[in-house]
Amino acid sequence: MMLTRIVLVGMICCSLVSSVKACGPGRGYGRRRHPRKLTPLAYKQYIPNVAEKTLGASGRYEGKITRNSERFKELTPNYNPDIIFKDEENTGADRLMTQRCKDKLNSLAISVMNQWPGVKLRVTEGWDEDGHHSEESLHYEGRAVDITTSDRDRSKYGMLARLAVEAGFDWVYYESKAHIHCSVKAENSVAAKSGGCFPASASVNLENGGNKSVKDLKPGDRVLAADAEGNLLYSDFVMFLDRAQEVRKMFYVIETREPRRRVALTAAHLLFAGQEATRGQSAFKATFASNVRSGQLVYIADGGGRLLQPARVEKVYLEEMAGAYAPLTVQGTLVVNQVLASCYAVIEEHTLAHWAFAPVRMSYAASSLFLPSDSPMGNSTVQEDGVHWYSSALYQIGRWVLDGASIHPLGMALDSS
């Protein structure tokens, strides 16, 4: 199935220009990943390990939604036949939720059926219009659901909670022996309007030995990156996939210890992270910044920019910063603030994204070969503020070709940046 999708994307991309082989840092990148073992949540455990109504989880309470309020239009009914809604009030209220909550719930429903054939996801509580929950409950905004399995087998609930985490709920709590509580960020929250970028303050290493802010990069600048084997090298900066100089966005800040490094990325940007290497193979993979957790490992460049080494993530938190820049290099990778990241975002497939952007790299190579970089026509890849048209086109293709599990839950939030 994945091969079919790649072929479809490739055919469409080739109709735009052409394609070349993919790459990604470290051994094993681009190969089919073995399913990792999922660990059930313990009773009373919640993920992430912060309070529900904080920026690191589902965010602050924004006010109760009633059927007569202007915000009622934010709720959408969920008629998924693979989900059982208890609806004890017999009003259909449990089916009403935000689109983000609906998307997560539908994704979870598929996971439940795959995990336990013949079993469906069951929602016992959704949107609450009757005041049955505690003050400022996210149930009042249609951003929370209480769930069980259709067979009500409580031995499954720990794994059900884990599946909810994997489905992308922003906060999952094994709240009761009788149900799991899940919630999501508000549709209009600052944290949910992040594309795939670095802040203006982010810095890269240049081949001449200096540093440069990402906001000041020009096509042809040679910046530190990594090849398919995880070797550090200098690669041409091609263009910005997205650039917004005046905005302020919420960034996931990922800090390591020993050595201490700090990199900030928006939620949907890909960062190479993972657990301990096993059997001589790297367990690192490209994952969304919003999925990186304390205790995982990321790649950092040593002081001389010669080698990549793993460093453990000490903490992850959210911080609002100025500017949003998504640089593209020929290698498809970039060392930012000494931490290795992918150039890509939104779709959690670094190799596929790199392959899909081959036409842009070829166009850049051709223009660099025949025209000087300072020529007015020397770089057709340069664009003004906003999302590059090719990025937007690929995202629309990706929505059609790929399953929702590969696309960040925020989707192309940068469309509205």
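**View 1. Cavities in the predicted model.** By the rule used here, the predicted model holds 2 cavities of 30 Å³ or more, where a cavity is a set of points, on a 1 Å grid over the protein atoms alone, at which a 1.4 Å probe fits but cannot get out. Grid points are joined across faces, edges and corners, and a volume is the space filled by probe spheres set on the points. The second largest cavity contains about 40 Å³ of space, and its lining (residues with an atom within 4 Å of a point) consists of Glu89, Thr91, Ala93, Asp94, Glu125, Trp127, Asp128, Glu129, Asp130 and His132. This lining divides into 6 charged, 2 polar and 2 nonpolar residues, with Asp, Glu, Lys and Arg counted as charged, Ala, Val, Leu, Ile, Met, Phe, Trp, Tyr, Cys and Pro as nonpolar, and the others, Gly among them, as polar.

View 2. Cys197 lies in the loop between β8 (179–183) and β9 (203–205), strands being DSSP runs of E with at least two residues, and helices runs of H or I with at least four, each numbered from the N terminus. With a relative accessible area of 0%, Cys197 is buried, a term that means under 20% relative accessible area with a 1.4 Å probe and protein chains only. Apart from neighbours within four places in sequence, Cys197 is in contact (heavy atoms within 4.5 Å) with Asp242, Lys249, Phe251, Ala264, Leu265, Thr266, His269, Ala324, Tyr325 and Ala326. Ala345, 148 residues away from Cys197 in sequence, is 8.0 Å away in space, C-alpha to C-alpha.

View 3. Strand β16 (residues 297–301) is largely enclosed by the rest of the structure, because 5 of its 5 residues are buried. Leu297, Tyr299 and Ala301 cover one side, while Val298 and Ile300 lie on the other. Strands count as paired if DSSP finds at least two bridges between them; β14 (residues 269–274) is joined to β16 by 2 bridges and runs antiparallel to it, with Gly274 having Leu297 as its bridge partner. Strand β17 (residues 308–329) also pairs with β16 in the antiparallel sense, over 5 bridges, and here Ala301 stands opposite Leu308.

**Notes to the views.** Residues are numbered from 1 along each chain as its sequence is written, and side-chain values use heavy atoms, with hydrogens and water left out. Because this is a predicted model, local features need pLDDT of at least 70 and side-chain atom pairs count only at pLDDT 80 or more, whereas totals for chains, interfaces and linings use all residues.

Key:
On a 1 Å grid over the protein atoms alone, a cavity is a set of points where a 1.4 Å probe fits but cannot get out, and a pocket is an open set with protein on both sides within 12 Å along at least five of seven lines; lining residues have an atom within 4 Å of a point. Buried means under 20% relative accessible area, exposed over 50%, partly exposed in between (1.4 Å probe, protein chains only).
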